[in-house]
Amino acid sequence: HGILGEVWDDEMSSSMLGNRLKKVVQNYQATNKYGVKISGPGGVPSRPKLSAQALLCQFKDKVELMTLTPDLQPFASLPWASQLPPKPLTSDLGPYKTCAVVSSAGSLRNSGLGKEIDSHDAVMRFNAAPTGSYEKDVGSKTTIRLINSQVMASDDHRFLSSSLYSSGILVAWDPAPFSADLSQWYNRTDYPIFTQYQRYRRLHPLQPFYILHPRFLWQVWQRIQDNMAEPIQKNPPSSGLLGTVLMMSLCEVVHIYEFLPSRRKTELCHYYQRFYDAACTLGAYHPLLYEKNLVKRMNQGPDRDIYVHGRVKLPGLSMINC
Ligand code: C5P
């Protein structure tokens, strides 16, 4: 190994996984729960590996951060539509100068990154990730928390009553079928995101709470697949990449912590739980391996920052000229 040890190889492929994970990933690659349609004949043609600039421009041109508003059908015809924010997230939030996206990886333990993370103008966290008693490593500021519908619905997360969720701005998402319109999704969400949303809004009417338009998820998914040489899992991107693209739409610079594993890399799934599984870092359901390849290719910081701090630096989409 060189002095840098190993940093994420941007050509990671599922063939490089251990046998157990390889099988799980192959299984997900073959399943198509959401009816994803691969555009073009034959699926995945070989394509040139794009530069960081060209990849960033794809995100700028082909991905739009959209959230649900009360004017959209079927919500416009439903009695609770007025619980949705009147304006989309992008008209209410930002622009921020510098932002932090804090993955929940176990390798954040003993990172000492807390002060640096809190120095950013806005900090994004995910799902049930706490700050209390982990401040030294993950900081204490939470500007936006991105949560999935499973966390909103599961009993153990106590979404409606835990104080974890009651500060900052909430953004929720649920995997819709690939080609479904909002009405079809409304009638067959993965988890009961809309009933939980209404309950939460009644308990916390003043806290800003947005729901991602599912088109955004699949636009991000398409950016991953179009830039990989093999078929990726036909499931939505992980919260980590969705949150990164969300912050790239609001911030001038985005720093992502421990999405690409540092020298502290570990099979510990989350910094806040004693649960070990390499799938948390390498992906099983989510095309996480390929998300990391893409982020590595777009990184504007030195490899040493990844190795030592687990830090990646991406420009905001408003800062790039395409
Ligand atoms: O597990 P959870 O989805 O709440 O974690 C938030 C995000 O952090 C994930 O979606 C993933 O992108 C990232 N993560 C990671 N490696 C881990 C744990 C989480 O890259 N070990």
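Which pattern do the disulfides of the protein follow, with bonded cysteines counted along the chain? The pattern is 1-6, 2-3, 4-5. The close-ups below come from a predicted model, and a search of the whole structure finds 3 disulfides in it.

**View A. The disulfide of Cys57 and Cys322.** Here the two sulfur atoms sit 2.2 Å apart. This bond links distant parts of the chain: Cys57 belongs to helix α2 (residues 52–62), while Cys322 is in the segment after β7 (311–315), 265 residues apart. The S-S torsion is about -100°, so this disulfide is left-handed. Look at the two ends in turn: Cys57 is buried at 11% relative accessibility, whereas Cys322 is exposed at 58%.

**View B. The disulfide of Cys99 and Cys251.** The S to S distance is 2.0 Å. Because Cys99 lies in strand β1 (residues 96–102) and Cys251 in strand β6 (residues 251–257), the pair ties together parts that are 152 residues apart in sequence. Cys99 is buried, with 0% relative accessibility, and Cys251 is buried too, with 2%.

**View C. The disulfide of Cys269 and Cys280.** Again you will find sulfurs 2.0 Å apart. Cys269 is in the loop between β6 and α11 (279–282), and Cys280 is in helix α11, so the bond connects parts 11 residues apart in sequence. A relative accessible area of 6% makes Cys269 buried; Cys280, at 28%, is partly exposed.

**View D. The largest cavity.** This cavity holds about 30 Å³ of space. Its lining includes Ala105, Phe259 and Pro261, along with Glu258 and Lys265. By class, 3 nonpolar, 3 polar and 2 charged residues make up the lining.

Conventions:
Residues numbered from 1 in each chain as written. Predicted model: local features only at pLDDT ≥ 70, side-chain atom pairs only at ≥ 80, totals over all residues. Heavy atoms only, no water. 1 Å grid on protein atoms, 1.4 Å probe; cavity = no way out; pocket = protein on both sides within 12 Å on 5 of 7 lines; lining within 4 Å. Points joined across faces, edges and corners; volume = space filled by probe spheres on them. Nonpolar A, V, L, I, M, F, W, Y, C, P; charged D, E, K, R; others polar. Disulfide = S-S within 2.5 Å. Helix = DSSP H or I, 4+ residues; strand = E, 2+ residues; numbered from the N terminus. Buried < 20%, exposed > 50% of the residue type's maximum accessible area, 1.4 Å probe, protein only.
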